[in-house]
Amino acid sequence: MTQNPWTRQQSPTPGPQQAPPQPADRMPRGPSAPQHGVPAPAEDQRLPKFAIPAADTLWWVGVHGGSGESTMAQLLPGTRAANHRWPIPPPPVPTPVILVARTSGSGLRAAQRAAIEWASGVVQGVAVLGLVLIADAPGRLPRVLDDFADIVGGGVPRVWDVPWIEEWRRGEAPTPDNTPDEVFEVLESIYALRASNPADYPAPY
């Protein structure tokens, strides 16, 4: 991957330098590989697939239209949007993907279907690193959606939350100037996770 442009520049301070803290989301909190006994969704409930030549990049898999996968690809150079499809490389190395969804009821249901599809083992050649949930409206999630998001997040290794950003809604391209600190933290965590060992992800083949 290219150098991470989404690291906040710190002002120099006197005194001994300290090692940067390790990202909190490096360790999986949910299942990191497909699980035996998970029934696959019906064919018409699955995401389509397309072939890629090699597992040489991180893909954002938007699980529904308007999920924000193109925005995430803009935010982190060297990554790609999969256009709501599973990218399938040739064996033996799986490609890392991150699911992307909005926090609306329909967006969370689509994320749950994609997580179940992956967990069932019918999608071979991908390693799901986690799920990015992008706020679909300003303010806090209603309790029912917040609880549902917790349930959906329990089916993937990690969950990252991206808040509502009014500038992006108005059509402004994402830049460091209009991106809040919470998004920097998400991007730094994902960048560090992807760079740690890009070929060592559990996935069936």
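# A walk through the model

Visitor: What share of the contacts in the protein with a separation of 6 or more comes from residues 24 or more positions apart?

Guide: Those residues account for 80% of such contacts, a contact being heavy atoms within 4.5 Å. Some ground rules: this is a predicted model, where local features need pLDDT of at least 70, side-chain atom pairs count only at pLDDT 80 or more, and totals for chains, interfaces and linings use all residues. Residues are numbered from 1 along each chain as its sequence is written, and side-chain values use heavy atoms, with hydrogens and water left out.

Visitor: How do you know how confident the predictor is, and over which residues does pLDDT stay under 50?

Guide: pLDDT is the predictor's confidence in each residue, from 0 to 100. The protein averages 84, and 82% of the residues score at least 70. Residues 9-24 stay under 50, and the model has 3 contacts beyond four places in sequence for them. Where pLDDT is low, the predicted coordinates should not be read in detail.

Visitor: What joins β2 to β5?

Guide: That parallel pair has 4 bridges, so it passes the at-least-two rule as well. Val61, for one, has Leu99 of β5 as its bridge partner.

Visitor: Why is β5 described as largely enclosed?

Guide: 7 of its 8 residues are buried, so the rest of the structure largely encloses β5. Buried is under 20% relative accessible area, exposed is over 50%, and partly exposed is in between (1.4 Å probe, protein chains only). Of the protein's 205 residues, 43% count as buried.

Visitor: What makes a set of residues a nonpolar core, and which members touch the most others in the largest one?

Guide: The members are buried Ala, Val, Leu, Ile, Met, Phe, Trp, Tyr and Cys residues, joined through side-chain atoms within 4.5 Å. The largest core has 29 residues, and Val63, Trp86, Val97, Leu99, Leu108, Val126 and Leu131 touch the most other members. Elements that each supply at least two residues include β2 (59-62), β5 (95-102), α2 (105-120) and β6 (126-134). The largest share, 7 residues, comes from α2. Apart from this core lies another, of 21 residues, among them Leu75, Val186, Ile190 and Leu193.

Visitor: Why is Pro41 called buried, and what does it touch?

Guide: Its relative accessibility is 14%, so Pro41 counts as buried. Pro41 sits in the segment before β1 (49-51). Leaving aside neighbours within four places in sequence, it contacts Arg46, Arg113, Ile116, Glu117 and Ser120. Pro41 and Ser120 are 79 residues apart in sequence, yet 8.3 Å apart in space, C-alpha to C-alpha.

Visitor: Why are Asn83 and His84 both called partly exposed?

Guide: Asn83 has 48% relative accessibility, so it counts as partly exposed. His84 is partly exposed at 24%.

Visitor: What is phi for Asn83 and His84?

Guide: Phi is near 60° for Asn83 and near 65° for His84. Most residues other than glycine have a negative phi, and most peptide bonds are trans.

Visitor: How do you know whether the peptide bond from Pro91 to Pro92 is cis or trans?

Guide: Omega is near 10°, and the bond is cis. Pro92 is in the loop between β4 and β5.
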